[in-house]
Amino acid sequence: MMYYIKAENLKCRRTFAKKLVLIAPLLMVFLASISGMYFVQNGYNWWYTIILPGFITLATALVNQIEERKLRYRTIFALPVSLQKIWISKVFLLAIYVLVVCIIHLVGMILGKLLINTTSLISITQMVTATLILIVVSLWQIPFCLFLSKKFGMMAPVLINVGIGIVLGIFAATEDFWWACPYSWAMRLMCPVLGILPNGTMALQNDALLNPSVLPIGIALSAALFLLLLTVTANWFQKQEVK
């Protein structure tokens, strides 16, 4: 599988998809720096609400476009290789990209807390925990957006994962049925971890949304949905033929 992942990574050399790995977190750090005393607070809220989903959406669309732009996957379909492994390797490569952008973002947030927002009540430990959780709860978007890009084109994941996703996430995150909406998981789980509400404000003491019992539920659901979508989309891709 490592050979497949390395091959997919080579395809992304000198492409905008790879440049996004640096652009996305650095853009977030720049925008957060404008906030001054709200650097950490906005730096995380805007990250998991808009920038990270936007990165995953664009990265998956661009990775799919690399194949579509050339020969519409004809070269891959003609090779004696496992199409399932090719699909899974694309998902894993994008998962690595998500890991890298989140680590860069974390480093930027820590530096910002130490140099810009020294009065922030959010600790570095909370920030590290939040970043690790965000990586896990965001993984399901990769096979989902990759499928949308392959099936319907670039605009589909943009409209659904960024446009509709943000609205649904903010609406459902504070409701009892938050667990039924994948787009609300990151926002809801950040409440007890960072103390930031979905609307970007800090939660008051004893706020019901600070209950940490949602953490294992959200993480388990995210992992299960990722594995489900990975399996379903890989099997779907295995059945694709040259058109």
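This is a predicted model: local features need pLDDT of at least 70, side-chain atom pairs count only at pLDDT 80 or more; totals for chains, interfaces and linings use all residues.

User: Which element of the protein has the lowest mean pLDDT, and which the highest?

Analyst: Across the protein the pLDDT averages 90, and 94% of the residues score at least 70. Among the elements, the lowest mean, 61, belongs to helix α4 (residues 74–77). The highest mean, 97, is that of residues 124–138, helix α6.

User: What percentage of the residues in the protein is buried?

Analyst: A residue counts as buried when its relative accessible area is under 20%. Of the accessible surface, about 11,900 Å² in total, carbon and sulfur atoms supply 71%. Of the 243 residues, the buried share is 51%.

User: What share of the contacts with a separation of 6 or more joins residues 24 or more positions apart?

Analyst: A contact requires heavy atoms within 4.5 Å. Among contacts in the protein with a separation of 6 or more, residues 24 or more positions apart account for 72%.

User: Is Ser138 buried or exposed?

Analyst: Ser138 is located in helix α6. Beyond residues up to four places away in sequence, Ser138 touches Leu52 and Ile56. Its relative accessible area is 4%, and the cut-off for burial is under 20%. Ser138 is therefore buried.

User: Which residues is Cys191 in contact with, leaving aside neighbours within four places in sequence?

Analyst: Cys191 lies in helix α9 (residues 185–194). Its relative accessibility is 0%, so Cys191 counts as buried. With those sequence neighbours left aside, the contacts of Cys191 are Ile196, Leu197, Pro198, Leu209 and Leu210.

User: What distance separates the C-alpha atoms of Cys191 and Leu210?

Analyst: Along the chain, Cys191 and Leu210 are 19 residues apart. Leu210 is also one of the residues in contact with Cys191. The separation of their C-alpha atoms is 5.5 Å.

User: How far apart do the centres of the positive and negative side chains lie?

Analyst: The protein has 18 positive side chains and 7 negative ones. The centres of these two sets are separated by 15 Å.

Definitions and conventions. Residues are numbered from 1 along each chain as its sequence is written. Side-chain values use heavy atoms; hydrogens and water are left out. pLDDT is the predictor's confidence in each residue, from 0 to 100. Helices (H or I, at least four residues) and strands (E, at least two) are DSSP runs, numbered from the N terminus. Buried means under 20% relative accessible area, exposed over 50%, partly exposed in between (1.4 Å probe, protein chains only). Accessible areas come from the Shrake-Rupley method with a 1.4 Å probe; for residues, only the protein chains shown count as cover. Lys and Arg count as positive and Asp and Glu as negative; His and the chain ends are not counted. The place of a charge is taken as NZ of Lys, CZ of Arg, CG of Asp or CD of Glu.
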